[in-house]
Amino acid sequence: MNQNEFVLIVAPFKDKVFRLAKRLLVSTEEAEDATQEVLVKLWSKNGGLSSYSSIEAFAMTITKNYCLDQLKSKRADNLKIVSSNYTDSAPALDKKLEDNDSLNWVERSLSQLPEQQRMIIQLRDIEQYEFEEMAKMLDMTESAIRVSLSRARKTIREYMTKTHNYGII
């Protein structure tokens, strides 16, 4: 496989790799480094890439594992999940403030989830992956992913309800 063929293969999903890395590592620089590392690993395996049924799923698995390794390293204490990929097209100021406040509450609730549930929320609700693809990436059964996703959503819903109903009888 030559360089042009490789670029054509990875171009459709390299942004997804970056978004997953940014979601897990927070820092744009860290996410760029992770994306570059994943692409280098894919390039080093370019002869054997055809043996994978989904190169995108393989790349996302590599990204997940690389990011988890980074989080386990000494830098893990300084990192948290932040979502900054939401943009509005010129809403009113009060709506913008409400949206920012809600986003902050969702980020807080996401940060309290276990790491696996955060990753499942990211892959399913943000990246829109199917359960079958997620099962391959995370090395889990589809039913386990569904249960974990349901629990994560329930935890977020309860946290948001508790937060927004505080003081209301």
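Before I turn to the packing, a definition: axes here are lines fitted to C-alpha atoms, for helices over the stretch in contact, and angles run from 0 to 180 degrees between N-to-C directions. What we have is a predicted model, in which local features need pLDDT of at least 70 and side-chain atom pairs count only at pLDDT 80 or more, while totals for chains, interfaces and linings use all residues. Residues are numbered from 1 along each chain as its sequence is written, and side-chain values use heavy atoms, with hydrogens and water left out.

The protein has 8 helices and 0 strands, where helices (H or I, at least four residues) and strands (E, at least two) are DSSP runs numbered from the N terminus.

Let me take helix 6, residues 115-126, and helix 7, residues 131-138, which pack at an angle of about 140 degrees with their axes 10 Å apart. Their contact, meaning heavy atoms within 4.5 Å, is made by Met 119, Ile 120, Leu 123 and Arg 124 of helix 6 and by Phe 131, Met 134, Met 137 and Leu 138 of helix 7.

Helix 7 also packs with helix 8, residues 142-164, at an angle of about 100 degrees, with the axes 9 Å apart, and the two are therefore roughly perpendicular to each other, a term that covers angles of 65 to 115 degrees. On the helix 7 side, this contact is made by Phe 131, Glu 132, Met 134, Ala 135 and Leu 138, and on the helix 8 side by Glu 142, Ile 145, Arg 146 and Leu 149.

Finally, of the 169 residues of the protein, 36% count as buried, that is, under 20% relative accessible area with a 1.4 Å probe, protein chains only.

How values were computed
Parallel < 35°, antiparallel > 145°, perpendicular 65-115°, else oblique. Buried < 20%, exposed > 50% of the residue type's maximum accessible area, 1.4 Å probe, protein only.
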